[in-house]
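The sequence and the three-dimensional structure are shown first.

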Amino acid sequence: MLKAAGVAAGAAGLATTPAAPSRAAGGAFAHPGLLHTRTDLARMAAKVKAGASPYTTGYAKLTANRHAQSGWTANPQAVVYRGAGSPQNYATLYNDVHAAYQNALRYHVGGDSAHADTAVAVLNAWSAKLTQVAGSADRFLAAGLYGYQLANAAELVRDHADFDLARCQEMLSKVFAPLSDDFLRHHNNAVVTNYWTNWDLCAMACVLATGIFCDDKAQVARAVEYFKHGDGLGSIGHAIPVVYDDGLGEWLEAGRDQGHALLGVGLMGTFCEMAWNQGIDLYGHDDSRFLKGAEYVAKWSLGGQVPYTANTRRKGAIGGWSGTETASAAAAVDPAMTRPIWAMIANHYTRRRGLPATYLTRIAARSAPEGGGGDYGPNSGGYDQLGFGTLAFTRDRTPALSPSPALSPSPSPASAGGDLAATGSGDMVGWAAAAGVTTLAGGLLLLRRRNRVRGGGIDEAPSPQ
């Protein structure tokens, strides 16, 4: 039966065929289509209006945040500096970016146009004034982090009558994206392994987000290709260099410290989610390698023991100084440390894909309800993620196995082969083909999921919230 369904023996795991993205009128990509689609925003609004948990507690975190209040006044700068030796003022930018995002999200969920007006005013103020991101090597962090965040805030109000879309696109494409793109190409003229995983990942997130926001197909293609095959430590095979027999994938930066490992996992999840909403399945790439890495970091952050294979990386400048650094064990952790990164990842794997993810489920439940910038301390690390995942990414369980079914022109598994619980063995061939199952293990997973449905539940894992 599996052979007839086109399921070939080979690599283990579930391979899916990405759905084709829906094309916006006159554009290359679906809008809104970064972290949140139109369907996502409608779900949040409907669930909050209905008083459904945990959406209401997630929304309460948003409305309580000082950045989410209408009337926030922007403080734009012509040049933003980050890094030692410069007149650092980048906190002004990240506070304003989070105010724009939170007000825009609050508008979509609560409906008060004053919040949309505030988000637009903040974004217009910055696009009218900002000309440069500068400083030490940390300027690349500023460009990457705040570039992807600006694009996400702007995506939520891109249709607002007062929003200057063209000017915002120009700011992102001339001030932020070139720095991030240059970092991925040249790594600040250092050897490619000089910078840890999160440096690449924030640059990758900026290139992808600004590419989608500006409808730049070539830019998006570069970001996706780098995720799969890039030379730096942010590409998935370098970020997760070892997969162990128990299914956990070592996160390279666990050998550095917990905070940066959490940052990296959050950024990779953000990258995968933005790609997914354009029909590109990176969550499932390389036998769902990111799931294995995220589970590893979740278990480790919960205080569990994880293996670590010693890793030596080269450091230094091209044609200049050089050296090496070896990480030989996973660093110590503080189980109380948390960041708003888990709801998005846990909901994708357990609810969209129906896969078990024990440690993601536990840590997402412990971290809920997730807040955003301003809820995790005053320093820049507390603003590295946009957050509010309990509100934004909690979703109902679905048998979908490909990106954004609503954006896909292909028939759904249900329409192709009938309800999964009612599907007989004769219909499984068509269902597997429609679901994009292309490996033996994928077919077996499909059968296991079918049997679980017949036994009373498509997902054995508990809710992440």
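A residue is termed buried when its relative accessible area is under 20%, exposed when over 50%, and partly exposed in between, using a 1.4 Å probe and protein chains only. The model is a predicted one, in which local features need pLDDT of at least 70, side-chain atom pairs count only at pLDDT 80 or more, and totals for chains, interfaces and linings use all residues. Residues are numbered from 1 along each chain as its sequence is written, and side-chain values use heavy atoms, with hydrogens and water left out.

**Overall organisation**

The chain contains 17 helices and 6 strands; helices (H or I, at least four residues) and strands (E, at least two) are DSSP runs, numbered from the N terminus. Of the 465 residues in the chain, 56% are buried. The accessible surface, computed by the Shrake-Rupley method with a 1.4 Å probe, comes to about 17,000 Å², and carbon and sulfur atoms account for 51% of this area. A contact denotes heavy atoms within 4.5 Å. Among contacts between residues at least 6 apart in sequence, 76% join residues at least 24 apart.

In helix α12 (residues 342-352), 11 of the 11 residues are buried. They are W342, A343, M344, I345, A346, N347, H348, Y349, T350, R351 and R352. These residues pack against α10, α11 (285-301), α13 (358-367) and α14. After α12 comes G354, with a positive phi near 70 degrees.

A nonpolar core is a set of buried Ala, Val, Leu, Ile, Met, Phe, Trp, Tyr and Cys residues joined through side-chain atoms within 4.5 Å. The largest such core has 123 residues, of which F176, W251, M268, F290, W342 and L360 touch the most other members. Helix α7 (residues 197-213) provides the largest share of this core, 12 residues. Beyond its neighbours within four places in sequence, F290 is in contact with residues including W251, M268, I345 and Y349.

| Residue | Location | Relative accessible area |
|---|---|---|
| N65 | loop between α2 (55-64) and β1 (79-82) | 2% |
| N103 | helix α3 (residues 90-110) | 0% |
| L179 | helix α6 (residues 165-186) | 18% |

Residues up to four places away in sequence being set aside, N65 touches Q102, G372, G373, G374, D375 and F388. The C-alpha atoms of N65 and G374 lie 6.9 Å apart, although 309 residues separate the two in sequence. With neighbours within four places in sequence likewise excluded, the contacts of N103 include H67, Q69, H115 and T118. Between the C-alpha atoms of L179 and A203, 24 residues apart along the chain, the separation is 8.1 Å.
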